[in-house]
Amino acid sequence: MSEDTPSINISSHAEQRLKQRLGLPIRAARRAALNAYIRGARHGDFKGPLRKYIERRRKTGYDENSADDIAVYAGNLYCFAGTTLITVWPVPEKLKSMMK
């Protein structure tokens, strides 16, 4: 890891969800989380139904202030609090066409 590459932490909840929802083992999950954090599009980059979906997910089950960043990467939403991945959700098929 280079000096400017952030250190991404993965909560135990996020680790479970990465395995359950995406079928990723921990090593691949760490790479995916880092790529999402660095390369992922942010919810402000989208408009319409996809942006509304992302905003609803941000508020689902968490204190609004805890999830301060959501990245969309490889068809999934990665929810971060600082540099800690909190959870991950797959983007519904009907909204994936809006990601391009």
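D69 touches Y37, R42, Y78, C79 and F80, leaving out residues up to four places away in sequence. Contact here means heavy atoms within 4.5 Å. This is a predicted model: local features need pLDDT of at least 70, side-chain atom pairs count only at pLDDT 80 or more, and totals for chains, interfaces and linings use all residues. Residues are numbered from 1 along each chain as its sequence is written, and side-chain values use heavy atoms, with hydrogens and water left out.

D69 lies in strand β3. Helices (H or I, at least four residues) and strands (E, at least two) are DSSP runs, numbered from the N terminus. With a relative accessible area of 18%, D69 is buried. Buried means under 20% relative accessible area, exposed over 50%, and partly exposed in between (1.4 Å probe, protein chains only). The side chains of D69 and R42 are joined by a polar contact of 3.0 Å. A polar contact is a pair of N or O atoms within 3.5 Å; within protein, one must be able to donate a hydrogen and the other to accept it, and residues adjacent in sequence count only if both atoms are side-chain atoms.

**The aromatic pair**

The structure holds 1 aromatic pair. The ring centres of Y37 and F80 are 5.1 Å apart and the planes stand at 70°, so the pair is edge-to-face. Rings of Phe, Tyr and Trp (its six-membered ring) pair if their centres lie within 6.5 Å; planes under 30 degrees apart count as stacked, over 60 as edge-to-face and the rest as tilted. Y37 belongs to helix α2 (residues 26-39) and F80 to strand β4 (residues 76-81), so the pair ties together parts 43 residues apart in sequence.

**Strand β4**

N76 and Y78 also sit in β4. N76 is buried at 9% relative accessibility. Its side chain reaches the backbone oxygen of A74 at 3.1 Å. Beyond four places in sequence, N76 touches L22, A71, V88, W89, P90 and V91.

A74 is placed in the loop between β3 and β4. A74 is exposed, at 62% relative accessibility. Its phi is near 55°, a positive value in a residue other than glycine.

Y78 is buried at 2% relative accessibility. Leaving aside neighbours within four places, its contacts include L18, L22, A32, A33, A36, D69 and V88. Y78 and A36 are 42 residues apart in sequence, yet 6.8 Å apart in space, C-alpha to C-alpha.

The expected span of a helix is 1.5 Å times one less than its number of residues.

| Helix | Residues | Expected span | End-to-end C-alpha distance |
|---|---|---|---|
| α3 | 12 residues | 16 Å | 17 Å |

In α2, the buried residues are A28, A29, A32, A33 and A36. Seen down the axis, they fall within an arc of 135°, so they line one face of the helix. The arc is that of the directions from the helix axis to the C-beta atoms. An α-helix has 3.6 residues a turn, so residues three or four places apart point the same way. R27 and R39 are exposed on the other side of α2. The buried residues of α2 pack against β1 (9-10), α1 (12-22), β2 (41-42), β3 (69-73), β4 and β5 (84-90).

Helix α3 runs over residues 48-59. Its buried residues are L50, Y53 and I54. They cover an arc of only 100° around the axis, which puts them on the same side of α3. The face turned away carries the exposed residues K52 and R56. The buried residues of α3 pack against β3, β4, β5 and α4 (93-96).

P25 is found in the loop between α1 and α2. P25 is exposed, with a relative accessible area of 52%. P25 and E15 are 10 residues apart in sequence and 8.6 Å apart in space, C-alpha to C-alpha.
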